[in-house]
Amino acid sequence: MIPTLQTERLTLRAPCLDDFEAIAAFRGSDRARFVGGPATKAQSWQYLAGLIGHWSMRGYGRWIITETAGDDTALGIAGLLYPYDWPEPEIAWSLFAGAEGKGYAFEAARLARDYAYQTLGWPTAASFVNPENTRSVALAEKLGCRPDGAFNHDVLGPMHIWRHPSPEEVAW
């Protein structure tokens, strides 16, 4: 039920049990501070189950980022997210240690946005970014997003809403 998306360089594939150690390493590190971490291994297990379950509950979700020509090692997570306490669906991304600075998050987020617009028919898309997460703010800007308000999440704190260009504004 979870589609695989590909570019020449990246594959977005279904999360699976083999990704647990990479997810636990990320979620247990300070790198996860903007997405609810650091977390225990047990919490990381629940997170992985949530990644997989979101697809069943919403019909879309987040993928594991890997290199198309690589060994299927998880480099991060990107895709579509809509928890019950979010104001609307979002395009989200997180990269694991060693994967930053290579354009993976940009490429994966664009691929996820294309899927949201072209396959799911979303008329708009947003990304919610902690204002202290300067790398994600820069990525939102690179994706062509514009500031569009804020909301305060009970666990994650203040989040800025970044509005993606509409389907009509995106160059396919």
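**Strand S3**

I began with strand S3, residues 62–67, and found five of its six residues buried. Buried here means under 20% relative accessible area, with a 1.4 Å probe and protein chains only. Strands are DSSP runs of E with at least two residues, helices are runs of H or I with at least four, and both are numbered from the N terminus.

I noted the ground rules next. The model is predicted, so local features need pLDDT of at least 70 and side-chain atom pairs pLDDT 80 or more, while totals for chains, interfaces and linings use all residues. Residues are numbered from 1 along each chain as its sequence is written, and side-chain values use heavy atoms, without hydrogens and water.

**The cores**

I then turned to the largest nonpolar core, which has 34 residues; Ile65, Leu80 and Trp93 touch the most other members. Such a core is a set of buried Ala, Val, Leu, Ile, Met, Phe, Trp, Tyr and Cys residues joined through side-chain atoms within 4.5 Å. S2, S3, S4, strand S5 (90–95), H3 and helix H4 (134–142) each supply at least two residues of this core. H3 gives the most, with 10 residues.

I listed what Trp93 touches, leaving aside neighbours within four places in sequence: the contacts include Ile77, Ala109, Ser136 and Leu139. Contact means heavy atoms within 4.5 Å. Another core, of 12 residues, lies apart from the largest one; Ala24, Phe26, Leu48 and Ile77 are among its members.

**Glu107**

I placed Glu107 in helix H3, residues 104–119. Is Glu107 buried or exposed? Glu107 is buried, at 19% relative accessible area. Its side chain makes a polar contact with the side chain of Thr7 at 2.4 Å. A polar contact is a pair of N or O atoms within 3.5 Å; within protein, one must be able to donate a hydrogen and the other to accept it, and residues adjacent in sequence count only if both atoms are side-chain atoms. Beyond its neighbours within four places in sequence, Glu107 is in contact with Thr7, Arg9 and Leu10.

**Whole chain**

Last, I checked the overall make-up: four helices and eight strands. Buried residues make up 50% of the 172 residues.
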